[in-house]
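Subject: Handing over the structure

Hello,

Here is the structure I promised to pass on. Please open it, then read the notes below it.

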Amino acid sequence: MKPELQKRIVDYIDRQLVTYQDIAKDIHARPETSNHEHYACGRLAKQLIEEGFDTTIDVAGHPTGFDARYTTRKGPVIVFLAEYDALEGLGHGCGHNLFGATSSLAGAALKRVIDEIGGEVRVYGTPGEEGGENGSAKGSFVREGFFKDVDAALCVHPGDRHSPTIASLANDPVDIVFHGKSSHAASAPEQGINALDALIQVYNGINALRQHLPSDVRIHGVITHGGTAANIVPDLAKARFYLRAATRATLNTVFKKVENIVQGAALQTGCTYEFGLFQNSVDNVVPTPLFDEVYRSHLESFGQKFTQHQGIGSSDVGNVSQVVPTLHPHIQISGTPIAAHSQAFKEASISQTGLDSIALGAKLLALSALDLLLDPQLLQAIKAQHAQEVAKQTT
């Protein structure tokens with residue numbers, strides 16, 4: 001039974017490949033940033049409706065998010081995560097045009113066999129992975145309960161090599177705003193309250209804090225507004241920072257320390273302040289090695305192999321990985337090393353190698369999901385290992 005189901009999945013992906021490659025090309029040609037991905041969302045949702053999914057657009061507080069479901073008799077619930085946002089000013093320099101098409105095709109292929117084995121297939125369209133306006137939508141999907149009944153989540157990210165799911169950093173993107181009082185800086189400086197001075201104190205305070213932080217913590221930011229005229233005491237100053245750490249528990253501590261610095265700067269200068277997240281917080285990715293081994297076995301059956309991925313950053317896939325076993329490996333779209341968020345990556349995302357990765361990625365995801373549906377013991381082992389890996393974060 002299993003080989004026949006696998007063949008049907010693979011054959012369906014081969015037959016539908018051109019359709020999904022065209023979708024990836026169209027999305028690449030129309031780059032859209034967080035919560036403005038109206039074309040990409042509509043294009044993928046329309047295709048999933050044609051594939052027979054019950055699809056809803058505008059979910060979890062995101063107008064460009066979607067929830068596509070196909071349910072048969074009782075069984076495990078499998079979710080494929082689709083990303084399709086672009087980078088501001090660059091376009092698809094992270095390959096999300098491929099990401100969304102690959103996950104959608106994997107879901108459509110698994111749907112072709114789900115009636116016979118039972119369960120539910122979903123594709124979640126999650127905007128703004130790159131951040132931005134109401135960014136990191138997977139955090140909203142988790143918070144709004146979209147994963148409460150889910151057994152496993154799968155996706156694959158474009159890269160310059162095949163590599164397994166890796167841990168990533170939790171990330172709290174924060175805005176810092178100080179309000180002071182303007183005055184002429186020469187004739188009446190004593191009547192002013194300098195918001196920029198407060199912000200500079202925060203910069204200095206964070207620099208001093210770094211000496212006393214664990215090595216996995218990263219803090220980086222920019223001043224986005226520091227005044228308008230040199231002879232006027234600035235009554236408004238703004239900055240944006242990313243606070244990162246290897247675990248959510250560590251980051252929560254760092255967040256409080258930085259907030260204390262902001263409070264102290266306000267007290268020193270007499271300013272009032274605003275401090276908080278400007279989008280969803282991002283949790284660290286928790287890999288489940290057994291899940292990656294399932295994916296690896298299929299990767300090797302297609303004559304490919306893993307190499308170690310060296311980079312580290314943050315992804316809202318981490319929010320999902322905190323609550324359900326989550327597969328998030330990288331798939332090769334370039335024959336040479338390329339940096340993410342670069343012009344070279346943007347070009348690879350529309351190259352023939354990149355477009356061909358949709359077929360391989362969809363097959364690997366759908367076949368891995370099929371293994372979980374056919375083997376309850378394997379699924380339970382993955383869920384048990386996931387629980388152990390999540391628990392390690394607090395021990």
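Leaving aside its neighbours within four places in sequence, which residues is T247 in contact with? Keep that in mind while I cover the ground rules.

This is a predicted model, so local features need pLDDT of at least 70 and side-chain atom pairs count only at pLDDT 80 or more, while totals for chains, interfaces and linings use all residues. Residues are numbered from 1 along each chain as its sequence is written, and side-chain values use heavy atoms, with hydrogens and water left out.

**T247**

Now the reply. T247 is in contact with A170 and N284, once neighbours within four places in sequence are set aside. Contact means heavy atoms within 4.5 Å. T247 sits in the loop between β9 and α6 (248-269). Helices (H or I, at least four residues) and strands (E, at least two) are DSSP runs, numbered from the N terminus. T247 counts as buried, because its relative accessibility is 18%. Buried means under 20% relative accessible area, exposed over 50%, and partly exposed in between (1.4 Å probe, protein chains only). T247 also pairs up with S168 across the sequence: 79 residues apart along the chain, their C-alpha atoms are separated by 8.7 Å.

**Helix α7**

How far apart are the end C-alpha atoms of α7? They are 18 Å apart. That agrees with expectation, because 13 residues (289-301) at 1.5 Å a residue should span 18 Å. The expected span is 1.5 Å times one less than the number of residues.

The buried residues in α7 are F291, D292, V294, Y295, H298 and L299. Seen down the axis of α7, they fall within an arc of 150°, so they line one face of the helix. The arc is that of the directions from the helix axis to the C-beta atoms. What do the buried residues of α7 pack against? Their partners are α1 (2-29), β5 (152-154), β11 (326-327), β12 (330-332), α10 (352-374) and α11 (376-392). Just after α7 comes G303, with a positive phi of about 80°.

Helix α1 holds both A29 and V18. A29 is exposed, because its relative accessible area is 58%. V18 counts as exposed too, at 51% relative accessibility. Now look at distances. A29 and N194 are 165 residues apart along the chain, and their C-alpha atoms are separated by 46 Å. V18 and I358 are 340 residues apart in sequence and 9.7 Å apart in space, C-alpha to C-alpha.

**S103**

S103 lies in helix α3 (residues 96-117). Is S103 buried or exposed? S103 counts as buried, because its relative accessibility is 0%. Beyond its neighbours within four places in sequence, S103 is in contact with F80, L81, A82, V123, C155 and L365.

**Positive phi in residues other than glycine**

D58 has a phi near 75°, a positive value in a residue other than glycine. D58 belongs to strand β1 (residues 54-59). D58 is partly exposed, at 48% relative accessible area.

S136 is not a glycine, yet its phi is positive, at about 60°. S136 is placed in the loop between β4 (120-125) and α4 (137-143). S136 counts as buried, at 1% relative accessibility.

**Pockets**

First, the terms. On a 1 Å grid over the protein atoms alone, a pocket is an open set of points where a 1.4 Å probe fits, with protein on both sides within 12 Å along at least five of seven lines; lining residues have an atom within 4 Å of a point. Grid points are joined across faces, edges and corners, and a volume is the space filled by probe spheres set on the points.

The largest pocket holds about 680 Å³ of space. Its lining has 35 residues, and C94, E129, G313, S314 and H341 lie nearest its centre. The elements that give two or more residues to this lining are β6 (157-159), β7 (170-179) and β9 (236-245). The largest share, 3 residues, comes from β6. By class, the lining has 13 nonpolar, 16 polar and 6 charged residues. Ala, Val, Leu, Ile, Met, Phe, Trp, Tyr, Cys and Pro count as nonpolar, Asp, Glu, Lys and Arg as charged, and the others, Gly among them, as polar.

The second largest pocket has a volume of about 190 Å³. Residues lining the second largest pocket include T33, H36, D85 and E133. By class, this lining has 2 nonpolar, 5 polar and 4 charged residues.

Best wishes
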